[in-house]
Amino acid sequence: MALSRTKTDVRSRVSRGTTPGAMAKISGGRATRAPPPPEKERIMQAPPSPHLTRPVMYHRWSEMTFMHWRYPPAAIQRLLPPGLTVDTFDGTAWVGLTTFLMEDVRAPGVPALPWLSRFPETNVRTYVRDEQGRDGVWFLSLDAGRLLAVLGARAGYGLPYFWSRMAVRAVGERRGYRCRRRLPGPVGARCDAVVELGPPFTEPERDELAHFLTARYRLFTTVAGRTATAQIEHPDWPLRHARLIHLEQDLLQAGGLDAPDRAPVLHASPGVPVRIGMWTR
């Protein structure tokens, strides 16, 4: 079945979610300002990363661009296995299209290999909680440019990896990403994206939404028909602003979602080193 495609050309900065300031109220005929929010609401720090004593894989996720859209929670919940619930922000679910370069991929005690350890990847992901209240990432799809990596991740982690023809290109402050799915289908599902990097986020700009969308330290998967989880260790993302120049994709639709009807929220990063733990129940 042919998939409808999402095509977006953006010539101005994508707006980011902001928290409204204190609104004026009328009291006894005079305008007064609402009291400031509690201190704990104003301090927006990323949750701490776990420390893995025995990681089973080492990565570096480089030249990362996060593109996120709001979705109704019910549209996401129907795609999740039993035991997982949509994790929402401001009452809505979020779906991310993350494009990046995998580097230095290796197992403990094994050196990174020049060809095998470096390849592009593009993921479609959402955010969930399990019955124990643990939050993390659920992947609708993961496209990678190395067949051996795809086979290993499918066999070892039960993740929905796809072998794709892919490229990541960095020229000055522009980043280009290309993905054409090969196997398994739907063959030809694609993502073409071009973004222009902006300045680094200031500390006040690293708001609660930025942490919700990027500071994730656990993945969920299904192994032998049961939900399993693995921890992810990495430092805080050094976030940068980004401007979307071009996007044409149908990976979200291939994952069972309606095509997005608005421009995405963008975050970019030069990348972080990553350590992956073994899956557990």
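**Entry 1**

I began with F212, which counts as buried at 11% relative accessibility; buried means under 20% relative accessible area, exposed over 50%, and partly exposed in between, with a 1.4 Å probe and protein chains only. I noted that the model is predicted, that local features need pLDDT of at least 70, that side-chain atom pairs count only at pLDDT 80 or more, and that totals for chains, interfaces and linings use all residues. Residues are numbered from 1 along each chain as its sequence is written, and side-chain values use heavy atoms, with hydrogens and water left out.

I then looked up the aromatic pairs and found 5 of them in the structure. Rings of Phe, Tyr and Trp (its six-membered ring) pair if their centres lie within 6.5 Å; planes under 30 degrees apart count as stacked, over 60 as edge-to-face and the rest as tilted. One of the pairs is F89 with F212, which is tilted, at 5.4 Å centre to centre and 45° between the planes. F89 lies in the loop between β5 (84-86) and β6 (93-106), and F212 lies in helix α4 (residues 208-214), so this pair ties together parts that are 123 residues apart in sequence. For these element names, helices (H or I, at least four residues) and strands (E, at least two) are DSSP runs, numbered from the N terminus. F89 is buried, as is F212.

I found F212 again in a pair with Y127: the centres are 5.7 Å apart and the planes stand at 70°, so this pair is edge-to-face. Y127 belongs to strand β7 (residues 119-130) and F212 to helix α4, so the pair ties together parts that are 85 residues apart in sequence. Y127 is buried, with a relative accessible area of 0%.

**Entry 2: other rings**

I recorded a cluster in which ring pairs link W61, F66, F100 and W237.

I also looked for charges over rings; a charge sits over a ring if NZ of Lys or CZ of Arg is within 6 Å of the ring centre and within 35 degrees of the ring normal. The charged end of R106 sits over the ring of Y58, 4.3 Å from its centre. The charged end of R181 sits over the ring of F162, 3.8 Å from its centre.

**Entry 3: helix α3**

Which residues are buried in helix α3 (residues 147-157)? I found V150, A153 and Y157. Seen down the axis of α3, the buried residues fall within an arc of 85°, so they line one face of the helix; the arc is that of the directions from the helix axis to the C-beta atoms. An α-helix has 3.6 residues a turn, so residues three or four places apart point the same way. The face of α3 turned away from the buried side carries the exposed residues L148 and A155.

The buried residues of α3 pack against β8 (135-144), β9 (161-171), β12 (218-223), β13 (226-233) and β15 (265-276). Just after α3, G158 takes a positive phi of about 65°.

**Entry 4: S164**

I located S164 in strand β9, and S164 is buried, with a relative accessible area of 1%. The side chains of S164 and D143 make a polar contact of 2.5 Å. A polar contact is a pair of N or O atoms within 3.5 Å; within protein, one must be able to donate a hydrogen and the other to accept it, and residues adjacent in sequence count only if both atoms are side-chain atoms. Leaving aside neighbours within four places in sequence, S164 is in contact (heavy atoms within 4.5 Å) with residues including D143, A144, C179 and R181.

**Entry 5: backbone details**

I checked the peptide bond from L183 to P184 and found that it is cis, with omega near -20°. P184 is in the loop between β10 (174-183) and β11 (190-200).

D104 has a positive phi of about 55° although it is not a glycine. D104 is in strand β6 and counts as partly exposed at 45% relative accessibility. A224 is a residue other than glycine with a positive phi, near 55°. A224 lies in the loop between β12 and β13 and counts as exposed at 74% relative accessibility.

**Entry 6: confidence**

I noted a mean pLDDT of 87 for the chain, with 84% of its residues at 70 or more; pLDDT is the predictor's confidence in each residue, from 0 to 100. Over residues 10-43 the pLDDT is below 50. Where pLDDT is low, the predicted coordinates should not be read in detail.
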